[in-house]
Amino acid sequence: MHNSGQLPGQSPTRTVDLAAVRDTSFQAAVARESGQKLVSCYQCGNCTAGCAYTQNYDIPVHKVMRLVQLGDREAALSCRSLWLCATCQACTTRCPNNIDVARVMDVLRHMARRAGYAPEPCRQNIYRRLFGQRGPAWSRVRGRPGCRVRPERGQAPAGCRAWSCHAQPWQAGSFPARAGGQRKGRGGRYF
Amino acid sequence: MAAPVSKTRLAYYPGCSQSGTAAEYDISTRACCAALGVELVDVPDWTCCGSTPAHTVDHHLAGALAARNLRQAETTGCERTTTPCPSCLAALRTASHHLQQADYRANVEELLGGPAPQQSTAVSVLQVLLEDVGPEAIAAAVKRPLAGLRVVPYYGCIMNRPPELMAFDDPENPTAMDRLLAACGAEIVDSPFKTECCGAAFAMPRLDMMQRLSARLLNMAQDCGADCIAVACPLCQMNLDLRQGQVSSASGRGYALPVPYFTQLMGLALGLPAANLGMGKLVVGLEPALKAAAERERERKADAEAKAAAKLAAKPAGKTAPKPGTEEAHPSG
């Protein structure tokens, strides 16, 4: 069973001062960015019932939806569940009110990142944990001479099997080229 | 019989996985399409569709990455674009869906530095094989039926979801792969976890989550008596095949379940050589399952023949040999 948003030592119920937590601009921003009619959520819990990740969540997805309805920006943006959602679309598919719940979670991730709830040092730590301490990632994955691969504990066996079975595709030069084969593309910010 | 059965021509967007870890999905898709008369025109100068990392960071960026590829696809002159990967499919379809909104389109066009595609959208290779070719034509083209092979088709989470966006098959009980593989002679084993999530990309940051979710799928397939799990997604395939050992070490159950792409199984049935289907790239080899299936099929045939012979031998014991018109009056088990 998940712990329903309850941190160790906390009471299972949390008293919320609705007037104090309500951030109407947050409510409006989530509705605008996701394009969803959030008021139509009536807390049936179908999204959570089908969620494959709910046992790892700190706040189940239907409660996240409720936090958004209440305008509790701090609680909604600081929850870990946002980062454990795989966008598998089970919630969106099963919502009786046709809310794209996965897109709401997506938008909350964007907002949390912009508001500094996923700080850069944290992401860099994960990156280092996965790819080791030095140098650009691809040099490690491609296994260039002198590179030091330090994958996360438990990942090495699959890596070795991948190496033996997929040897050719992992070699240098077999990755898709950049657009137009250029470093910086034609027009626009990204291409 | 194996002559091209349709004249379908589509733009083909392989996607990054299919040029790397899922190269066998790409080559088996191309081989099957060629054998079934589906002409695939490669999208020139294609780039990453954005997939999950893009939409997790910025919806406009995700739209622009996908729209760029749809624009490239339009240069082939084909009406539709097809991709084998469900994640690419979702990215391309999501982009074309949201491009119908004027403000979203304006943002994407600013990022693209040019016009975004108007109408173009993508369909899955699975959909093309089912709807453009069809099970009947495939059954007619089969040279080596997969008789006796018990297959659990596994669709993954986003091949059919959300239904309004993907507009193909049933979101809870999809049957497209079932129908295609049944046409190839395989025995389809019904499994209740057709669309349950395999753990997706969490195998990297949270191995424990992937192990728990993939173990459910492998356990269920094993309990259903499957010889193999047919998949249509490169990420599902990686979790279930490459990481089968990792899943096994967490669940405490031993597995020897091959996880081929449905296009590889189709290719085998169509009589294409295994080397052209990338069978060697499967971590858990399919050979033992194929041998077991062939053995089982041989036993089944021998058993059926023995029963028929026994029935024939029992008949002369009757008063008179049955005439053709009176056979129905003597039903026998």
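Leaving aside its neighbours within four places in sequence, with which residues is C157(B) in contact? Select C157(B) together with C88(A), Q89(A), A90(A), T195(B) and C197(B): these are its contacts, a contact being two residues whose C-beta atoms, placed from the backbone, lie within 7 Å.

This is a predicted model, in which local features need pLDDT of at least 70 and side-chain atom pairs count only at pLDDT 80 or more, while totals for chains, interfaces and linings use all residues. Residues are numbered from 1 along each chain as its sequence is written, and chains are lettered from A and ligands numbered from 1 in the order in which they are written.

**Around C157(B)**

Stay on C157(B), which is located in the loop between β5 and α8 (163–166) of chain B. Helices (H or I, at least four residues) and strands (E, at least two) are DSSP runs, numbered from the N terminus. C157(B) counts as buried because it has 25 C-beta neighbours inside 10 Å. The cut-offs are 20 or more other C-beta atoms within 10 Å of the residue's own for buried, 12 or fewer for exposed, and partly exposed in between, with C-beta atoms placed from the backbone.

**Strand β5 of chain B**

Select residues 150–154 of chain B, which form β5(B); four of the five are buried. Two strands count as paired if DSSP finds at least two bridges between them. β5(B) runs parallel to strand β6 (residues 187–188) of chain B, with two bridges, and parallel to strand β7 (residues 228–231) of chain B, with four bridges. V151(B) has a bridge partner in each: I188(B) in β6(B) and C228(B) in β7(B).

Next select V231(B). Not counting residues up to four places away in sequence, V231(B) touches Y154(B), G156(B), C236(B), Q237(B), L240(B), V259(B), Y261(B) and F262(B). V231(B), L180(B) and L265(B) touch the most other members of the largest nonpolar core, which has 137 residues. Helix α10 (residues 207–223) of chain B supplies the largest share of this core, eight residues. A nonpolar core is here a set of buried Ala, Val, Leu, Ile, Met, Phe, Trp, Tyr and Cys residues joined through C-beta atoms within 7 Å. In soluble globular proteins, nonpolar side chains tend to be buried together.

**The four-stranded sheet**

Move to the open sheet of chain B with strand order β2-β1-β3-β4 and parallel pairing. β2 (38–42) and β4 (122–124) of chain B are the edge strands; each has a single partner strand, so one side of each has no neighbour in the sheet. Neighbouring strands are turned by 45° against each other on average, direction ignored. Strand β3 (residues 81–83) of chain B pairs with β4(B) over three bridges, and T81(B) stands opposite A122(B).

Then show helix α4 (residues 86–98) of chain B, which lies across β3 and β4 of chain B and runs at about 155° to β4(B). Axes are lines fitted to C-alpha atoms, for helices over the stretch in contact, and angles run from 0 to 180 degrees between N-to-C directions.

**A helix pair in chain B**

Select helix α3 (residues 59–74) and helix α5 (residues 102–112) of chain B, whose axes are 9 Å apart and meet at an angle of about 65°. The contact involves H60(B), L61(B), G63(B), A64(B), A67(B) and R68(B) of α3(B), and Y104(B), N107(B), V108(B), L111(B) and L112(B) of α5(B).

**Chain A**

Finish with chain A, which has 11 helices and zero strands; chain B has 14 helices and seven strands. Of the 191 residues of chain A, 27% count as buried, while for the 333 residues of chain B the figure is 52%.

Select helix α4 (residues 61–70) of chain A. Seven of its 10 residues are buried, so this helix is largely enclosed by the rest of the structure. The buried ones are V61(A), H62(A), K63(A), V64(A), M65(A), L67(A) and V68(A). Their cover includes α2 (24–34), α3 (46–50), α5 (73–78), α6 (81–84), α7 (90–94) and α8 (101–114) of chain A. After α4(A) comes G71(A), with a positive phi near 80°.
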